[in-house]
Amino acid sequence: MENDIQHEVRGKYSLGGVVFNHIRENILNGVYKENDELREIALAKEIGVSRTPVREALRQLELEGLVHIIPNKGAYVTGITLKDVKDIYEMRALLEGLCASKATENITDESVNELESIVDLSEFYCAKGKIDKVLELDNQFHQMLYEAADSKLLKHTLTDFHHYLERMRKTTLTDSERAVKSNAEHRAIVNAIKERNAGKASELATLHIYNAVSNIANHGYFEN
């Protein structure tokens with residue numbers, strides 16, 4: 001773990017950023033579960049750092065709503081509830097449409113070609129049943145759209161939403177039928193962008209997210 005931390009610190013993240021991302025990843029991936037206590041000493045030992053960056057990370061995570069700090073008692077995992085998932089998807093559907101519209105206006109031909117390559121590769125891996133690769137390419141596809149929209153705030157918000165839903169997406173994209181349909185929806189979005197049809201791209205991107213929600217509902221994830 002210490003070697004990983006040192007490598008990341010030498011890269012794009014500060015020590016505090018590495019600690020924050022480590023704890024957040026474990027919350028979102030279910031390693032730290034809802035209501036689990038996050039002890040500073042244990043986390044510092046686990047990650048290989050002092051307690052100071054851990055304490056700072058927990059405060060930042062509280063601002064994101066993933067952790068609840070009770071004075072003189074401790075920090076506890078709040079996590080992402082099913083209601084949060086519903087809310088995020090509802091907001092994301094609208095923002096993905098806006099993102100696709102903006103991307104259509106700003107994207108370069110080179111980036112359009114890259115998006116097409118991602119869709120082609122995803123289709124290949126779908127056929128091979130390599131869903132882990134499909135999920136990785138899905139991340140790349142959406143991240144490219146966020147970049148192409150040329151809006152710092154939109155990119156930041158959608159990247160966080162995409163990240164918060166990582167665990168849910170990993171579960172649902174293991175459904176090979178949904179993976180194939182999702183990739184076909186990506187291709188339709190790219191075609192609309194290629195045609196410079198911002199309205200159509202927006203509509204398709206919003207529909208893409210609603211289809212993902214429908215798939216989740218069909219698997220019973222929103223049932224009480």
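How many aromatic pairs does the count come to? I'm working on a predicted model here, and the count comes to 1 aromatic pair. The two rings belong to Phe-124 and Tyr-125, with centres 5.2 Å apart and planes at 70 degrees.

Next I wanted the type of pair. I kept in mind that a pair of aromatic rings is described by the distance of the centres and the angle of the planes. Planes over 60 degrees apart count as edge-to-face, so the 70 degrees between Phe-124 and Tyr-125 makes their pair edge-to-face.

Then I checked how open these two residues are. Phe-124 has a relative accessible area of 44%, so I wrote it down as partly exposed. Tyr-125 comes out at 19%. Buried means under 20%, so Tyr-125 goes into my notes as buried.

New entry: backbone angles. Which residue has a positive phi of about 80 degrees although it is not a glycine? I found Asn-35. I looked up its place too: Asn-35 sits in the loop between helix H2 (15-28) and strand E1 (37-38). Buried or exposed? With a relative accessible area of 58%, Asn-35 is exposed.

Last entry: Asp-150. This residue isn't a glycine either, and its phi is positive, near 60 degrees. Where is Asp-150? I traced it to the loop between helix H7 (131-148) and helix H8 (152-164). The relative accessibility of Asp-150 is 61%. The cut-off for exposed is over 50%, so I put Asp-150 down as exposed.

Technical notes:
Residues numbered from 1 in each chain as written. Predicted model: local features only at pLDDT ≥ 70, side-chain atom pairs only at ≥ 80, totals over all residues. Heavy atoms only, no water. Phe/Tyr/Trp six-rings, centres within 6.5 Å; stacked < 30°, edge-to-face > 60°. Buried < 20%, exposed > 50% of the residue type's maximum accessible area, 1.4 Å probe, protein only. Helix = DSSP H or I, 4+ residues; strand = E, 2+ residues; numbered from the N terminus.
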